[in-house]
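Trainee: I have a structure open and would like to learn how to read it. Could you walk me through it?

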Amino acid sequence: MDEFDLIKQYFRRQHSCDGVVVDNGDDCAIVELAASERLVFSIDTMVEGRHFLADMAPQDLGYRALATALSDLAAMGAEPRYFTLALTLPAVDHQWLAGFSQGLFELAEQHDMALLGGDTTRGPLTITIQVHGVITDDAYLSRAGAKVDDIIAVTGSIGDAAAGLQLLLREQEAADAFLLSRFLRPTARVAEGQALLPYSCCGIDISDGLLADLGHLVAASEVAAIVDVNALPTSKALGFIDDVDERQRYQLTGGDDYELCVAIAPDRWSQAKAYFAAQGWPLTAVGRIVAANSQADAISLRGSDSEILAQQTGFKHF
Ligand SMILES: Nc1ncnc2c1ncn2[C@@H]1O[C@H](COP(=O)(O)OP(=O)(O)O)[C@@H](O)[C@H]1O
Ligand SMILES: Cc1ncc(C[n+]2csc(CCOP(=O)(O)OP(=O)(O)O)c2C)c(N)n1
Ligand SMILES: [Mg+2]
């Protein structure tokens, strides 16, 4: 099977996405946008051994690759539309390709996203996905725009994925299924990101860890933050970890959660909280934005006596 047959068999799918002028299969894809729409796009790569373990099930890998890329659209409050896929494979393995494309399209269909193109090459397993979405007019969340006194809020729970990865690395037999699934199949908070638009203009997704990603948000907003470690949203499964330092390390520096962290003005907070509660979506206040002070850390922690935590940032490639 050559690469063109491979693409046809696994990656060319019927879709019902509106606005596609030229679909997958030409030199480029072309899509139409309405006058009020703005294109929002972002690209992310996943490399074996660095983002995922070599024995990861291909279904989970396909799902996870799209979820982590999609999370950046969620973090802007954008509506997902299309994606492209650059796949580097060591060999043609039909079982692997069937599983990978199944997981990939399972998530794509949940969000009505169409795969409009890509690239297929031979080499060490590497998955790159570019996602395209839209915002209407100028409603979006950016890393800049947090103001002093804003409440810092986090969706879902954090620390689960890092704990899940540790379980995989330790190859524990009776590993907690919830923690594993938080690492293997993260949820991009797409609906939550869009729902936050009336209440916030400032947010980021937590890929590298709360301290690191909130650090990007406060730097872009030219402010600082205080985080209450005891307020961090903690799943029941993570709560079973007795070692408080270990748990807090996962929550503050672990990464891989793909929850959203947003800044919300105090006078909008109760409305935002009520809206999320009505949807059954957790949204937890974890701290406050304060003025930047060149003498102090950009993020200070309350409720933790562990100094190591404050010094550790999130995941860094270099
Ligand atoms: N090789 C690159 N060339 C140009 N811009 C890049 C490159 N790598 C990262 N960026 C940009 O730098 C910023 C930070 O990247 P990253 O940490 O990967 O963001 P995210 O966590 O949202 O994926 C983003 O705006 C991204 O588009
Ligand atoms: C095998 C393995 N080891 C370690 C990690 C932890 N890890 C790797 S990359 C990463 C951060 C997210 O990846 P990055 O490429 O920085 O994504 P971006 O910030 O661009 O969204 C984390 C927490 C992992 N996911 N898998
Ligand atoms: Mg990135």
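**Reading annotated sites, domains and cores**

Mentor: Let's begin with the record: UniProt, in an unreviewed entry, places the feature "binding site" at His51, Asp256 and Phe315. UniProt positions are given in the numbering used here, feature names are shortened, and annotations may be inferred rather than shown by experiment. Residues are numbered from 1 along each chain as its sequence is written, while chains are lettered from A and ligands numbered from 1 in the order in which they are written. This is a predicted model, in which local features need pLDDT of at least 70 and side-chain atom pairs count only at pLDDT 80 or more, whereas totals for chains, interfaces and linings use all residues.

Trainee: Is Asp256 buried or exposed?

Mentor: The general idea is to count neighbours: a residue is buried if 20 or more other C-beta atoms lie within 10 Å of its own, exposed if 12 or fewer, and partly exposed in between, with C-beta atoms placed from the backbone. Asp256 has 26 other C-beta atoms within 10 Å, so it is buried. Phe315, with 16 C-beta neighbours inside 10 Å, counts as partly exposed.

Trainee: Which residues is Asp256 in contact with, leaving aside its neighbours within four places in sequence?

Mentor: Two residues are in contact if their C-beta atoms, placed from the backbone, lie within 7 Å. Leaving aside neighbours within four places in sequence, Asp256 is in contact with Ala161, Ala162, Leu165, Phe183, Pro186 and Ser207. With the same exclusion, Phe315 is in contact with Asp208, Gly209 and Gly255.

Trainee: Which residues of helix 4 are buried?

Mentor: In helix 4 (residues 160–170), the buried residues are Asp160, Ala161, Ala162, Ala163, Gly164 and Leu165. Their cover includes helix 5 (177–184), helix 8 (236–239) and helix 9.

Trainee: How is the protein chain divided into domains?

Mentor: Domain bounds come from an automatic or database domain assignment. Here domain 1 covers 3–136 and domain 2 covers 151–311. The contact between them takes 17 residues from domain 1 and 19 residues from domain 2. On the side of domain 1 that touches domain 2, helix 2 (58–76) and strand 4 (79–89) each give two or more residues, and the largest share, 12 residues, comes from helix 2.

Trainee: Which residues touch the most other members of the largest nonpolar core?

Mentor: A nonpolar core is a set of buried Ala, Val, Leu, Ile, Met, Phe, Trp, Tyr and Cys residues joined through C-beta atoms within 7 Å. The largest one has 71 residues, of which Leu66, Leu70, Phe83, Ile152, Leu214, Cys261 and Val262 touch the most other members. Helix 2 gives the most to this core, with 11 residues, and the core draws at least three residues from each of domain 1 and domain 2. A second, separate core of 10 residues includes Ala163, Leu179, Phe183 and Leu238.

Terms used:
Helices (H or I, at least four residues) and strands (E, at least two) are DSSP runs, numbered from the N terminus.
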